[in-house]
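Welcome! Take a moment to look over the structure below, and then we will walk through some of its parts together.

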Amino acid sequence: MEQRHLGRTGMRVTRLGLGTLNWARDTDEQEAADQLKVFWEAGGSLVDTADIYADGGAEYLLGRLTEELVPREDLVIATKAGSVLEPDRRVDGSRRHLLAALDASLERLGTDYVDLWQLHAFDPHTPLEETLQALDLAVTSGRARYVGLANFSGWQLARAGTWQLAAPGVRNPLASAQMEYSLLQRGVEREVLPAALDLGIGLLPSSPLGRGVLTGKYRHGTPADSRGASEHLAAFVAPYLDETASRVVEAVATAADGLAVTPLQVALSWVRDRPGVTAPILGARTAQQLRAALSVETLSLPDEIRQALDDVSAPVHHYPDHDWSTL
């Protein structure tokens with residue numbers, strides 16, 4: 001599998017990553033083992049998890065599998081911290097919480113360090129400088145090799161990235177930004193992606209298949225075994241089952257028919273090769289689904305098809321997202 005540098009850093013990762021959101025919840029240990037083996041044998045290295053996935057269960061399972069199945073040194077392990085399941089608080093970016101969460105993640109993962117540690121979300125109640133100091137402490141203590149952010153807005157990412165660059169050798173530049181990005185969700189193109197490109201931050205798209213909708217499986221209804229039919233994930237899929245999304249899905253299906261490939265391959269290839277993207281994160285439930293996604297490695301979309309998909313999925317950008325003189 002082809003590799004890319006993660007942002008403006010020396011670390012290289014495969015241009016597709018394996019996500020573990022479903023592990024220890026919808027994906028059991030045997031299926032997770034099959035996924036990891038398939039991914040590793042295909043040359044994949046970047047595995048993404050978080051301390052909140054299955055309440056730590058995903059990290060624990062990944063730690064067991066790296067000990068028993070895949071050599072730790074062959075993987076680039078990324079995890080996240082900051083999300084909390086408290087009644088009155090969803091994010092805790094305090095230095096106290098973040099460093100304690102990192103220690104707990106390392107214990108569950110069975111490793112002394114993670115290759116990439118990311119803040120899961122922006123905490124409006126904690127000074128950003130305090131939050132970012134936790135990232136620096138993680139690197140200087142050897143517990144994380146690189147650091148990044150997830151789910152930050154454009155101004156939040158720009159502020160954090162600029163702060164880290166303001167003290168070379170003291171603060172650690174941000175390597176990554178993990179954000180939802182697909183043909184059905186192009187909001188990051190307004191401000192997040194331009195900021196990331198300017199600051200040398202690599203984008204790691206989550207839900208690159210539009211929460212599964214871009215595979216075409218929902219074109220004629222909701223399959224009983226799909227996320228859309230799942231009690232705890234139906235609301236996650238629902239926003240992408242409207243008429244606007246349907247037009248995009250049909251365009252993807254038409255392109256797939258013309259290329260004699262699958263809609264999944266078309267949609268994933270499109271986001272993988274967008275400017276600023278390092279590696280989409282694949283959140284497969286089964287090894288079979290993962291194999292289908294990994295088959296995109298040899299596909300590059302023709303320019304005319306890429307342009308047609310750009311046009312049909314184009315988000316509405318108004319002032320000040322575009323140069324005011326063109327409006």
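Not counting residues up to four places away in sequence, which residues does S45 touch? They are V13, T14, F39, D74, L75 and V76. Keep in mind as you read that this is a predicted model.

**Around S45**

- You will find S45 in the loop between α1 (29-41) and β4 (46-48).
- S45 has a relative accessibility of 6%, and buried means under 20%, so this residue counts as buried.
- One of the residues that S45 touches is V76, and V76 in β5 also stands opposite L46.

**The sheet as a whole**

- Eight strands form an open sheet with parallel pairing, in the order β11-β10-β9-β8-β5-β4-β3-β12.
- At the edges stand β11 (202-206) and β12 (281-282); each has a single partner strand, so one side of each is left without a neighbour in the sheet.

- β4 and β5 run parallel and are joined by three bridges.
- To get from β4 to β5, the chain passes through helix α2 (residues 57-68), making a β-α-β crossover that is right-handed.
- β5 also pairs with β8 in the parallel sense, over four bridges.
- Within that pairing, K80 has Q118 in β8 as its bridge partner.

- Five bridges link β8 (residues 114-119) with β9 (residues 144-150), and the two strands run parallel.
- L116 has Y146 in β9 as its bridge partner.
- Helix α4 (residues 128-140) packs on the sheet and touches both β8 and β9; the direction of α4 makes about 155° with that of β9.

**The largest pocket**

- How big is the volume of the largest pocket? The computed value is about 990 Å³.
- The largest pocket is lined by 37 residues, and the closest to its centre are L21, S207, R227, F236 and G283.
- At least two residues of the lining come from each of β10 (176-180), β12 and α10 (287-294).
- Helix α10 gives the most to this lining, with four residues.

Key:
Residues are numbered from 1 along each chain as its sequence is written. This is a predicted model: local features need pLDDT of at least 70, side-chain atom pairs count only at pLDDT 80 or more; totals for chains, interfaces and linings use all residues. Side-chain values use heavy atoms; hydrogens and water are left out. Two strands pair if DSSP finds at least two bridges between them. Contact means heavy atoms within 4.5 Å. Axes are lines fitted to C-alpha atoms, for helices over the stretch in contact, and angles run from 0 to 180 degrees between N-to-C directions. Buried means under 20% relative accessible area, exposed over 50%, partly exposed in between (1.4 Å probe, protein chains only). A crossover is right-handed if, with the strands pointing away from the viewer, the path from the first strand over the helix to the second runs clockwise. On a 1 Å grid over the protein atoms alone, a cavity is a set of points where a 1.4 Å probe fits but cannot get out, and a pocket is an open set with protein on both sides within 12 Å along at least five of seven lines; lining residues have an atom within 4 Å of a point. Grid points are joined across faces, edges and corners, and a volume is the space filled by probe spheres set on the points.
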